[in-house]
Protein chains: 2
Amino acid sequence: MTAPIHINGDRLWQSLRTFASFGATPGGGVSRLALSPEDKSGRDTLREWAVKDGFSCEVDELGNMFIRRPGKNSELLPVMTGSHADSQPLGGNYDGIYGVLAGLEVLRTLNDLNIETERDLVLVNWSNEEGARFAPAMLASGVWSGVFDTDFALSRKDSQNVSFGSALTEIGYQGTRPAKSFPLHACYELHIEQGPVLEAEQTDIGVVHAAMGQRWFDITLTGFAAHAGTTPMSLRHDALCGFAELTLAVENIGNDYAEDGRATIGMVNVTPNSRNVVPGCVTCSVEFRHPDSAMLEEMEQALIHALAKLSVRNLTFIADKIFDYAPIKFDDICLERISQATEELGYRHRKMVSGAGHDACYINRVAPTAMIFIPCVKGISHNEAEEIYPIWSEKGANVLLHTLLTAANEKAC
Amino acid sequence: MTAPIHINGDRLWQSLRTFASFGATPGGGVSRLALSPEDKSGRDTLREWAVKDGFSCEVDELGNMFIRRPGKNSELLPVMTGSHADSQPLGGNYDGIYGVLAGLEVLRTLNDLNIETERDLVLVNWSNEEGARFAPAMLASGVWSGVFDTDFALSRKDSQNVSFGSALTEIGYQGTRPAKSFPLHACYELHIEQGPVLEAEQTDIGVVHAAMGQRWFDITLTGFAAHAGTTPMSLRHDALCGFAELTLAVENIGNDYAEDGRATIGMVNVTPNSRNVVPGCVTCSVEFRHPDSAMLEEMEQALIHALAKLSVRNLTFIADKIFDYAPIKFDDICLERISQATEELGYRHRKMVSGAGHDACYINRVAPTAMIFIPCVKGISHNEAEEIYPIWSEKGANVLLHTLLTAANEKAC
């Protein structure tokens, strides 16, 4: 029995450092918005590296980049991996780009070791995953998977009224290939967890079997604004006090559906928001996440129940459900290859659920798909302070290497 | 026994209608900021009316207007009444101006009935009570009472960087008389309640024996911002959930010290205030009001206790006390005259505490002072929808008439 092969951790880390310079911010993060000059610099470098290593690089009509390392039998369905190179406005150095560069490192390692796979391997860099410049998020992978159509994507505008289409042309990344899915044997996305669980449990690898469904609400609570000095407590209809009860009720809903459930109020606006006025109106967001649709439905019902109880305070409410995103269940066979690779490498791993959305959630609609997570420090992400350790990076790429090798060497579908 | 004399309710109402045209807003209120062109129109009209009725009108260096109806013996200390003509940016038609015009109506009624008082009667229109244009509130009455000095007042600037002094010169109301108190036998301010109590209790007159002390705090609660999808409930340090507990604790403090106590959180800001981020920081105001200093101290201690309990959520807090204003106790003899007048007129009345600040709170430092309240509809004030009924207006002015008559006919001290 020989030791399993490994990727080159130093080279991968160096690749990450190079990309950290594209849009580097004073705070140590990156600002690499989709289709920006900084994004173009990253894309150019990725293509240059790919071509230099002998891989082809094709770009589709939404700027999605497909880097291909041919296998022995191009008639077999290819195996895909990848993620995205765009970032939040003040993002970190690993969200998305880690999955792209670890995929490249796998291809390079196979070159180094002269390993030929049965199937083609395809590395993808999806455009505009973050949605920070062009809403919604996961726009180009969504088109590729049939969720949105191409014209919808091209017509999305940023805050400066620049369309996705014109920004794409501006950076020279509008290809001719249709942004339409092609058959895959399997697809993997390797990503940082963006949460604190793996680090807290000192676990190397998350085998991501599901992504949470999400339900988003906009809530308006209305009472009556009144003078804080002249209005006795007994005659108030204080919307903020009702909101406080709602906040604790929402937290309790999250706790009731832990550990997989999440319940969050992230956004609050108080009217008139004046020190000396009893608040007459509060608007807030509520969001629930859970990998099980039935549990999400229960959480929603619990919210409505909590809102109805505010009538004892003489408050009225409006609850608008503005987003309802079903849970994702990843492919069992894809997951099994990850678990097997992790065990062969001797790494600590656990099954887990992705709380965030990822390109893989859309790809899963058209191809057998799964995700691999590595820890990130304190779970901090979408933040310049986002950090991982080189050893975490290396272990994740090793798992990706063996997972892809297994899949790409399977001769039958 | 003859029926007590009455003011002319129709004339008073017409005066109020005329002043409602100075800065009238589409919403039916007024925007008559201190020292604005609209304020000047009101001042000009007030002076014109006063002079036409044979009263003198003196203006001091802060634009405070003193309209005098001489008594038989000008060596006796005068009796003063009045309030302010400035308004909030979207204010109502009665806050302040009612007390000025009811005072004028009393002087006119005495002319009509050829009644000569022993003492001079002085009607005052204080500059910049609201503080909406030039902070702080009650600025000119504060100088007059020795709380602030004149240069401080003249140098206050509005949001357009215009100073009080230059705005005063611009409208032609910078007089030469020093803004310094002169001895008074008694001072009365008649005002709308700006709260809901008198209307709710169907009571005509509030005999205001005290004004609440106020303690204002700025609070910062700090937890840790985290991704709402990837951060399990158990690993959150959610500043908003802690804020919710604080809000309910503050409400409970208010209830514990009812009916005179008030506890309000009016202003809240959440960071980063994003739908998908567990809030890392919440700042808010807390204010307590109570007519008893010892009770205010207990309320403050209860706040600190409530904040300390948030440590179980791994939240830290900062509490800055930014304002500490002692309770005001009005003059017993002044109050007795109001009660007596009200009973002679056969009006329903109750003792009450002012929850808001008024010019009279400062005047009380240098002269025997008290306040008279009339109801306002639903307690709405600082709002275009502020409303009173003519009968309420008339009854308040009748009480003022008899109160002033009693005081102004006292020959001794």
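Q: What covers the buried residues of α1(A)?
A: The cover includes α2 (37-52), α3 (97-112) and α12 (390-408) of chain A. Helices here are DSSP runs of H or I with at least four residues, strands are runs of E with at least two, and both are numbered from the N terminus. Contact requires C-beta atoms, placed from the backbone, within 7 Å. This is a predicted model, in which local features need pLDDT of at least 70 and side-chain atom pairs count only at pLDDT 80 or more, whereas totals for chains, interfaces and linings use all residues. Residues are numbered from 1 along each chain as its sequence is written, with chains lettered from A and ligands numbered from 1 in the order in which they are written.

Q: Which residues of α1(A) are buried?
A: A:Leu12, A:Ser15 and A:Phe19 are buried. A residue is buried if 20 or more other C-beta atoms, placed from the backbone, lie within 10 Å of its own, exposed if 12 or fewer, and partly exposed in between.

Q: And where do they fall, seen down the helix axis?
A: The buried residues of α1(A) fall within an arc of 55 degrees, so they line one face of the helix. The arc is taken from the directions from the helix axis to the C-beta atoms.

Q: What is exposed on the face turned away from that buried side?
A: That face of α1(A) carries the exposed residues A:Asp10 and A:Arg17.

Q: Changing topic: how many residues of chain B are in contact with chain A?
A: In chain B, 51 residues are in contact with 51 residues of chain A.

Q: Which element of chain B gives the most to that side?
A: α8(B) gives the most, with nine residues.

Q: What is the make-up by class?
A: The side of chain B that touches chain A has 23 nonpolar, 20 polar and eight charged residues. Ala, Val, Leu, Ile, Met, Phe, Trp, Tyr, Cys and Pro count as nonpolar, Asp, Glu, Lys and Arg as charged, and the others, Gly among them, as polar.

Q: What rotation superposes chain B on chain A?
A: A rotation of 180 degrees with 0.0 Å of shift along its axis does so, at an RMSD of 0.1 Å. The two copies are thus related as by a two-fold rotation axis. The superposition is by least squares on the C-alpha atoms of residues with pLDDT of at least 70 in both copies.

Q: Which residue of chain B comes closest to the axis?
A: B:Ala244 does, with its C-alpha at 2.1 Å.

Q: Last one: is B:Pro183 buried or exposed?
A: B:Pro183 is exposed, with 8 other C-beta atoms within 10 Å. B:Pro183 sits in the loop between α6 (164-170) and β5 (186-192) of chain B.

Technical notes
Two residues are in contact if their C-beta atoms, placed from the backbone, lie within 7 Å.
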